[in-house]
Amino acid sequence: MTTAATATGSPADGALAVAAIVLSLLVAAWALVAALRHRPPDRTQLIGLAVLELLLLGLVLVTAVALAGGERPGEPGSFFGYLVTLVCLPPLAAVLARMEPTRWGSAIVCAVCLVTPVVVVRLQQTWQVLGG
């Protein structure tokens with residue numbers, strides 16, 4: 001039986017991953033504009049982080065279903081490390097941004113939202129066995 005995860009290579013591939021990457025980059029751009037305008041993090045940035053977290057939790061759910069179905073990542077240690085990190089990034093950004101109600105809070109949101117797509121791509125790469 002072929003599943004969507006088997007066809008694409010990784011359960012972390014697909015619409016949820018693309019949506020998370022796009023949303024993360026949009027929130028990063030919004031936060032960068034706010035930081036350049038010397039504005040603290042606003043409600044839009046925090047809502048963007050919350051929606052991003054929901055997308056990432058959906059990605060975790062899809063991955064958990066694939067794992068329950070017998071699929072396994074090529075690099076389990078790295079994969080689960082990236083998965084945990086990915087889920088922790090948006091809440092961490094929100095907390096730090098609220099603690100720093102200056103332009104630097106917006107800069108924190110921007111930085112975390114630029115890191116998130118990189119972690120999503122690494123998550124996808126560690127599912128597949130590299131070099132083999």
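1. Aromatic pairs come to two in this predicted model. Rings of Phe, Tyr and Trp (its six-membered ring) pair if their centres lie within 6.5 Å, and planes under 30 degrees apart count as stacked, over 60 as edge-to-face and the rest as tilted. Phe 79 and Phe 80 make an edge-to-face pair, because their planes stand at 85°, with the ring centres 5.4 Å apart.

2. Phe 79 also pairs edge-to-face with Trp 127, at 5.1 Å centre to centre and 65° between the planes. Phe 79 sits in helix α4 (residues 76-99) and Trp 127 in helix α5 (residues 103-127), so this pair ties together parts 48 residues apart in sequence. Helices here are DSSP runs (H or I, at least four residues), numbered from the N terminus.

3. How buried or exposed is each? Phe 79 is buried at 0% relative accessible area, Trp 127 is buried at 5%, and Phe 80 is partly exposed at 36%. Buried means under 20%, exposed over 50%, and partly exposed in between (1.4 Å probe, protein chains only).

4. Have a look at Arg 103 too: Arg 103 lies over the face of Trp 104, 5.0 Å from the ring centre. The criterion is NZ of Lys or CZ of Arg within 6 Å of the ring centre and within 35 degrees of the ring normal.

5. A word on the basis: residues are numbered from 1 along each chain as its sequence is written, and side-chain values use heavy atoms, without hydrogens and water. Local features need pLDDT of at least 70, side-chain atom pairs count only at pLDDT 80 or more, and totals for chains, interfaces and linings use all residues.

Methods. Helices (H or I, at least four residues) and strands (E, at least two) are DSSP runs, numbered from the N terminus.
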